[in-house]
Amino acid sequence: MDELIMMVFVLFTIVLLLTVSMTLAALISTIVVLVIPLIICTIALLIALRIKYGGKKDSSEVSIGFFHPYCTAGGGGERVLWCAIKSVQEEYPYIRCVVYTGDKESDDEIFNKVKKTFDIELGRDNLEFIRLTKRKWVEASTYPRFTLIGQSLGSMILGWEALTKFVPTIFLDSMGYAFTFPIFSLIGGSTVACYVHYPTISSDMISSVKSSSHSFNNDASISSNKFKTISKLIYYNIFSKIYQIVGSFSKLVMVNGTWTGNHIRDIWKKQFGYDLFIVYPPVDVKGRKQLKLGWMDGTRKNMILSIAQFRPEKNHQLQLRTLAHLLEKYPSHREQPLNTKLVLVGGVRDQADRDRVEQLRNLSKELMIEDHVDFQIGISSDQLNQLLSEASVGIHTMYNEHFGIGVVELMAAGVIPIANNSAGPKEDIVRHEDTGFLASTIQEYAEYIHEILAYREKYVEMQKKARDSTDRFSESNFSNQFLKYIKPLINQSLRNNNNNSKKRN
């Protein structure tokens, strides 16, 4: 019996080895027959496309293509765009600047809106707009599920359209569409640079899913389901690896603060001081600081001011619920002399944002605080300055805000901020109980608001300190830092053009 068992085992082993060897042979054969020719064809296609589109690049001039599909949105990211272009125009008036945008407004309308919203006067001779028609492919509403990969692949479609319309010497993405990098680098032959406001994926997002925490990018249907959580973790980790690959195509990475910089360093394997630099975004500090402090003379009203685009991650609902809690716990804020009001200022990008504003209006009615809430959509810089000169408290509620331009604007204008105790505001902007407050819960926000408005005289010095701390976020400081890091790329491009000219001559 033992011999029979041994014979069966040996026979089974021989059959298994033959099967494996045949499988390996088949696998090797498949690689030789299919995969290798596919790789060769792919390389040949890339070379052909590089010759076709790289040859369209005008070697007689240096151009910078700014990829910003929502250039008229009117937020902090757009101020970065226009200040960057203004800096290039003033330092290199002969360089051609191009903005890839999906906005349909005319050139004059865009120029006028930039002046009205940001008080930035752009040169019109060396700035042009290239209209993109496929912007729907990067809109979150297009992808109810798998939004990250959907928008990223969609940006490649939009990036391809941009490349076919104009090939720049330097391609600069200022909206976070990293999947466009290999298109412009490999096919267009452009030098790729970027200004990153926040990473598309971060270790915090992965940790949130791993811990089954409910958040705007991890809804309850996933966080409460173990199988879906594991699936999403696999999805996020795969996406993170791909994100690392496309990020490697950028020769220069500028980030808006410490939090973003640390995540980009870890994900893209960049090095601070070599190809990764912190460039604080430009804020109208100079203009805001001209506003009167007026803390104790009656100029400042019992107004809570929020400055943030109407996106889900900004968490405006928390602001409304904070106000409702404040009015319930301290009824004196409902009537004179306090009569506290919340004013929400922001821009909208699309119909989803407009629908969100309507939902917030309805929520204010449900909470019975609508008489104490005012929505201001897409207002001018003069209108914003008026609100900043009257407000006493600023509220910011986004968790892990990459930076927090709105917080800086509040401080420079003499408005004491209560910001979320995380990321940018915590690491770069607000010193807790010195230049403002950091909060996480409805109760914390409400208590700080009540403290500031009810005991105003205690916060005269805090207002001054908050304003004085904002100089490092000025437009002039941004311009100097931006030019410092982009100059090597521009100067190298100018040298290459001169060498090409000499060869032709």
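**Figure 1. Overview of the protein chain.** Helices (H or I, at least four residues) and strands (E, at least two) are DSSP runs, numbered from the N terminus. On that basis the protein chain has 18 helices and 13 strands. The model is predicted: local features need pLDDT of at least 70, side-chain atom pairs count only at pLDDT 80 or more, and totals for chains, interfaces and linings use all residues. Residues are numbered from 1 along each chain as its sequence is written, and side-chain values use heavy atoms, with hydrogens and water left out. Of the 505 residues in the protein chain, 52% are buried; buried means under 20% relative accessible area, exposed over 50%, and partly exposed in between (1.4 Å probe, protein chains only). The accessible surface comes to about 24000 Å², and carbon and sulfur atoms account for 57% of this surface. Accessible areas come from the Shrake-Rupley method with a 1.4 Å probe; for residues, only the protein chains shown count as cover. Among contacts (heavy atoms within 4.5 Å) between residues at least 6 apart in sequence, 72% join residues at least 24 apart.

**Figure 2. The nonpolar cores.** A nonpolar core is a set of buried Ala, Val, Leu, Ile, Met, Phe, Trp, Tyr and Cys residues joined through side-chain atoms within 4.5 Å. The largest such core has 43 residues, and Y100, Y243 and W268 have the most contacts inside it. Helix 8 (residues 226-247) gives the most to this core, with 6 residues. A second, separate core of 38 residues includes F66, C71, M254 and Y485. In soluble globular proteins, nonpolar side chains tend to be buried together.

Figure 3. Leaving aside neighbours within four places in sequence, Y243 is in contact with A178, F179, P199, T200, I201, I264, I267 and W268. In helix 9 (residues 258-268), the residues W259, T260, G261, H263, I264, I267 and W268 are buried. Just after helix 9, K269 takes a positive phi of about 60°.

**Figure 4. Helix 3 and the elements that cover it.** Helix 3 (residues 107-118) has 12 residues and reaches 16 Å from its first C-alpha to its last, close to the 16 Å expected at 1.5 Å a residue. The expected span is 1.5 Å times one less than the number of residues. The buried residues of helix 3 are I110, F111, V114, T117 and F118. They lie on the same side of helix 3, because they cover an arc of only 145° around the axis, where the arc is that of the directions from the helix axis to the C-beta atoms. An α-helix has 3.6 residues a turn, so residues three or four places apart point the same way. Cover for the buried residues of helix 3 includes helix 2 (76-91), strand 3 (127-131) and helix 13 (381-390). D119, in the loop between helix 3 and strand 3, has a positive phi of about 55° although it is not a glycine.

Figure 5. S474 is placed in the loop between helix 17 (460-468) and helix 18 (475-504). With a relative accessible area of 14%, S474 is buried. The side chain of S474 makes a polar contact with the side chain of S476 (3.1 Å). A polar contact is a pair of N or O atoms within 3.5 Å; within protein, one must be able to donate a hydrogen and the other to accept it, and residues adjacent in sequence count only if both atoms are side-chain atoms. A polar atom of the S474 side chain also lies 3.2 Å from the backbone nitrogen of N477. Leaving aside neighbours within four places in sequence, S474 is in contact with P282, V283 and V285.

Figure 6. D350 is found in the loop between strand 9 (341-346) and helix 12 (351-366). This aspartate counts as buried, at 15% relative accessibility, and a polar atom of the D350 side chain lies 3.2 Å from the backbone nitrogen of A352. M368 lies in the loop between helix 12 and strand 10 (373-377). At 62% relative accessibility M368 counts as exposed, and M368 has a positive phi of about 60° although it is not a glycine.
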